[in-house]
Amino acid sequence: MELSEIINKVSDLVWGAPLIILCLGAGIIFSVWTRFFQLRHFKNVVVQLWHGKESEKGLSSLQSFAMALGGRVGTGNIAGVATAIALGGPGALFWMWVLAFLGAGSAFIEDSLAQVWKEKRTGEYRGGPAYYIERGLGLKWYASIFAVATVISCGLLLPGIQSNSIALAFDSSFGIPTWISGTVATVLLALVIFGGARRIGRVAQVVVPFMAIAYMIMALAVVVMDIDRVPAIFGLIFSSAFGAHGVFGGIVGSAIAWGVKRGIFSNEAGQGSSPIAAAAAEVKHPAQQGIVQAFSVYVDTIGVCTATGLMILLTDCYNVIDKVVDGQVTYLVHNLPDAEIGPHYTQAAIDTIMPGVPGFGSGFVAIALFFFAFTTVMAYAYYAESNMAYLIRNKNGSRLSITGIRTGLLCMAFYGSMLTATMMWAMGDIGVGLMAWLNLIAILCLGGVGVKVLKDYERQLKEGCPITFEPEKLGIKNTECWGAKQSDS
């Protein structure tokens with residue numbers, strides 16, 4: 001059996017029905033448990049973005065938000081959405097929305113927990129699932145397993161997907177060989193990630209809003225060009241999602257599976273990556289960062305992923321696969337005979353509004369992919385090194401190991417730019433799936449603490465008193481950076 005076949009089989013095993021059910025089930029539980037805070041606190045998000053200023057120990061709320069959003073908004077928002085539609089039909093977009101809404105509940109819990117049990121390492125805040133698993137559950141062995149899985153996933157498996165997308169897009173759009181674009185991207189990454197968390201946060205704060213706004217403007221232009229069809233497209237999405245559409249009724253299971261699978265790859269809700277960025281923020285109360293980070297799930301999926309999906313569906317620039325038998329592919333929809341699954345769908349969609357400028361859509365998507373993927377790999381670097389810092393407690397050893405993981409990430413980013421897209425996506429799915437399994441189980445066990453934190457914050461808002469967090473009064477133990485036992489190390 002070839003390596004690619006083994007990787008695909010492992011990916012299918014990790015992303016079986018149990019993980020799909022776990023992702024949706026956890027989102028439902030946390031949404032109900034928090035009384036759908038994602039609706040009640042929606043207007044509070046913008047205010048919280050400007051609370052919490054950058055310090056020597058941590059990032060501002062906006063920088064932490066931008067770093068996490070940079071990790072979420074990547075090639076999954078372009079190639080991932082196209083893949084979901086190609087393999088699950090238009091209804092897959094609806095299930096991405098469902099995961100985003102419910103996943104905001106999971107995101108609040110995991111990001112608040114990251115703030116509760118964050119630590120100070122080498123002068124900076126560090127935190128995330130490994131830290132709250134050890135301090136909250138007292139399971140150091142389990143925490144170490146998550147940390148190792150994150151170092152492997154974010155440091156070795158996932159960067160290649162992003163660099164591969166950059167290289168392929170620039171090759172097809174501008175004829176630039178993959179090794180050249182891979183080299184340029186790797187050098188630029190090195191300049192950023194060797195500057196540490198604060199440099200990553202500052203770059204993300206500038207680049208992420210710029211790239212998201214530019215992409216949304218282009219999507220709006222596509223929608224305006226065919227505004228009359230928008231109601232019909234939403235009807236297509238909803239009918240396909242529930243098996244009521246004549247063409248796509250037989251693949252509703254695929255719509256759910258690929259919607260959830262590509263949804264969590266894109267917005268990372270419940271995966272356990274965003275808490276690592278959330279822990280780096282300097283805030284007055286853990287719930288503040290939980291609310292902000294939950295909002296980034298909406299921006300990623302309801303905003304950017306929807307923009308991609310509408311562009312593709314409105315312009316009919318997509319294919320939907322029925323089945324593959326002995327290498328022979330049959331289609332339910334075959335509008336683009338020569339297009340591979342991925343960013344080509346979006347490129348073709350944008351080309352429809354600029355027919356007089358050949359290659360405009362291809363070039364625009366290539367540049368958008370560069371910014372999307374670049375900021376995602378920046379976030380991966382921080383996620384990997386934060387978990388390496390957890391594993392290596394010695395200060396000198398931690399610094400040396402972090403340098404090593406940064407170097408390894410850069411090597412994989414360059415190497416991944418020259419591999420096949422199929423293999424890189426399968427490897428990335430394995431990494432995301434393993435992290436999600438480990439983290440979702442942990443936050444289900446610790447969900448009561450997250451809800452307690454939310455109630456404490458809401459009580460202070462209602463009473464109009466200064467916002468503070470005193471874990472001892474809430475019965476929360478083993479915190480380092482809060483309350484009377486706060487450490488200055």
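This is a predicted model: local features need pLDDT of at least 70, side-chain atom pairs count only at pLDDT 80 or more; totals for chains, interfaces and linings use all residues.
Let's start at Phe170, which, setting aside residues up to four places away in sequence, touches Gly175, Ile176, Ser181, Ala366 and Phe370. Phe170 sits in helix H10, which covers residues 159-174. With a relative accessible area of 16%, Phe170 falls under the 20% limit and therefore counts as buried.

Now let's step back to the whole chain. It has 20 helices and 4 strands. Of its 489 residues, 61% count as buried. If you take the contacts with a separation of 6 or more, residues 24 or more positions apart account for 82% of them. The accessible surface comes to about 18,300 Å², and carbon and sulfur atoms make up 67% of that area.

The largest nonpolar core has 154 residues, and the members that touch the most others in it are Tyr215 and Tyr318. Helix H18 (residues 360-391) gives the most to this core, with 20 residues. Tyr215 has a list of partners that you can follow in the viewer: Asn77, Ile78, Val304, Ala307, Thr308, Met311, Thr346, Phe364, Ala368 and Phe372, again not counting residues up to four places away in sequence.

Because 9 of its 10 residues are buried, H6 is largely enclosed by the rest of the structure. The buried ones are Ala79, Gly80, Val81, Ala82, Thr83, Ala84, Ile85, Ala86 and Gly88. What do these buried residues of H6 pack against? Their partners are helix H7 (91-116), helix H14 (252-267), helix H16 (286-314), strand S3 (319-325), helix H17 (343-351) and H20. Just after H6, Gly89 takes a positive phi of about 80°.

That backbone angle brings us to two other residues. Most residues other than glycine have a negative phi. Arg35 is not a glycine, yet it has a positive phi of about 55°. You will find Arg35 in the loop between helix H2 (17-33) and helix H3 (37-40). Asp316, also not a glycine, has a positive phi of about 55°. Its place is the loop between H16 and S3. Asp316 is partly exposed, with a relative accessible area of 34%.

Beyond residues up to four places away in sequence, Ser273 touches Glu268, Tyr383 and Met435.

Arg126 lies in strand S2 (residues 124-126). Is Arg126 buried or exposed? Arg126 has a relative accessible area of 3%, so it counts as buried. Its side chain makes a polar contact with the side chain of Glu385, at 3.4 Å. Not counting residues up to four places away in sequence, Arg126 touches Lys118, Glu119, Arg121, Tyr131, Ala279, Tyr382, Glu385, Ser386, Ala389 and Ile402.

Let's finish on the outside. Trp179, Ile180, Val184, Val187, Leu188, Leu191 and Met418 form a nonpolar patch on the surface, and together they have about 620 Å² of accessible area. One of them, Leu191, is found in helix H11 (residues 178-193). Its relative accessible area of 54% is over the 50% limit, so Leu191 counts as exposed.

One last stop is Ala421, in helix H20 (residues 421-463). Ala421 has 28% relative accessibility and so counts as partly exposed. Ala421 and Ile161 are 260 residues apart in sequence, while their C-alpha atoms are 7.1 Å apart in space. Leaving aside neighbours within four places in sequence, Ala421 is in contact with Asn164 and Leu168.

Note on methods. Residues are numbered from 1 along each chain as its sequence is written. Side-chain values use heavy atoms; hydrogens and water are left out. Helices (H or I, at least four residues) and strands (E, at least two) are DSSP runs, numbered from the N terminus. Buried means under 20% relative accessible area, exposed over 50%, partly exposed in between (1.4 Å probe, protein chains only). Contact means heavy atoms within 4.5 Å. A nonpolar core is a set of buried Ala, Val, Leu, Ile, Met, Phe, Trp, Tyr and Cys residues joined through side-chain atoms within 4.5 Å. A polar contact is a pair of N or O atoms within 3.5 Å; within protein, one must be able to donate a hydrogen and the other to accept it, and residues adjacent in sequence count only if both atoms are side-chain atoms. Patches are made of residues with over 30% relative accessible area and no salt bridge: like charges are joined within 9 Å, nonpolar side chains (Val, Leu, Ile, Met, Phe, Trp, Tyr) within 5 Å. Accessible areas come from the Shrake-Rupley method with a 1.4 Å probe; for residues, only the protein chains shown count as cover. A salt bridge is a side-chain nitrogen of Lys or Arg within 4 Å of a carboxyl oxygen of Asp or Glu.
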